[in-house]
Amino acid sequence: MALKAVHVSEVPKLDHVPENSSFSLYSTRFSKGAEVGRASFKPPKFLVIGHRGNGMNLLQSTDRRMKAVKENTILSFNTAGNFPVDFVEFDVQVTKDGCPIIFHDNFILSEENGTVYEKRVTELNLSEFLTYGVQRESGMVGRTLLRKTKDGKIVGWNVEADDSSCTLQEAFQKVNPSIGFNIELKFDDHIVYQEEYLVSVLQAILRVVFENAKDRPVIFSTFQPDAALLVKKLQNTYPVFFLTNGGNEIYYDVRRNSLEEAIKLCLDGGLQGIVSEVRGIFRNPGTVKKIKESKLSLLTYGKLNNVPEAVYVQHLMGIDGVIVDLVREITETVSNMMKPSEEAVSGEEGLIPGQGKPQFSQTELTFLLKLIPELIQQ
């Protein structure tokens, strides 16, 4: 898939965003504010970020937790907020009439008169987008909402606690303001986007963010390399992270194919960090040191982040945070691993006084990683 290179030096300024906009990456959930600069973003603690809110929906899964709450909804975000998450992550696209909405899939599927049809989300006006699924008005029935699984099956989007779709503006207005937003700028891998289109989409999103964010912590992330460079060019207030599969999948655009390419893109574009699929990190643990030496932050995503042991190893490796589906379980794990133990307080050998975690060398960490090879292969 070819992607048109964007000459970010030629991008027009976003006149809707005031140059002196203030931003404090501080949350009541943080003990200290994060350090934010043009070239760095330093979280004050190991971050736990709720994936699409309280977790993504896997409708074919036998695990009820994966279909408990409708993903990417106000309900899901505030449900995650019942636990000590630092951010919720969600996907933002822009409708045909210019409204940033929260929805993951490129296409919306429904059924009418026994026939399944699909429409591209970005080709819908806001009013039509909101007609799918649960409706806000009492007594109103929305269009059936379906979803295609990875193996191609069409299933009903049935969850235990449903909620209506929402706009980005509504999320700012209705979600607990202490919860940070990790806004993924969502684009289709199979489309070659022109510079003009990318700029217009990003400007629409930035307008909503700057008009509504106030003191809420915000991070931008995207798999689209040119969009990452552009959103950094259009504003200097919020940190921008580049999303990568870490070499687990191969794309036409080489910038997406390895952690080394991700580091290069971030350094060339002045981005603040990388969000990698966790298996890419576990297969190449030495890359963590390179990322840190480049003064970049590192977050991870992937189903291994629902395994407490895998999260603990990442904390020991120096990774800055994890995006997770099992919010309750992983926030509990992280809270426990941050508690100082009696042995640590007393200065027990092998532990740093006042801290409750053992200190491992790089060799020992490599050994720990070898304990979960069967997980890495999943």
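Over which residues does pLDDT stay under 50, with 23 contacts beyond four places in sequence in the model? In this predicted model, that stretch is residues 341-356. Here pLDDT is the predictor's confidence in each residue, from 0 to 100, and contact means heavy atoms within 4.5 Å. The chain averages a pLDDT of 85, and 79% of the residues score at least 70. Over residues 1-28 the pLDDT is below 50, and this stretch has 71 contacts in the model beyond near neighbours in sequence. Where pLDDT is low, the predicted coordinates should not be read in detail.

Residues are numbered from 1 along each chain as its sequence is written. Because the model is predicted, local features need pLDDT of at least 70, side-chain atom pairs count only at pLDDT 80 or more, and totals for chains, interfaces and linings use all residues, while side-chain values use heavy atoms, without hydrogens and water.

Two helix pairs are compared below. Helices are DSSP runs (H or I, at least four residues), numbered from the N terminus; axes are lines fitted to C-alpha atoms over the stretch in contact, with angles from 0 to 180 degrees between N-to-C directions.

| Pair | Angle | Axes |
|---|---|---|
| H6 (residues 259-269) and H8 (residues 286-293) | about 5° | 11 Å apart |
| H4 (residues 195-212) and H5 (residues 225-234) | roughly 50° | within 10 Å |

H6 and H8 are therefore roughly parallel (angles under 35 degrees). Their contact involves Leu259, Glu260 and Ile263 of H6 and Thr287, Lys290 and Ile291 of H8.

How values were computed: Parallel < 35°, antiparallel > 145°, perpendicular 65-115°, else oblique.
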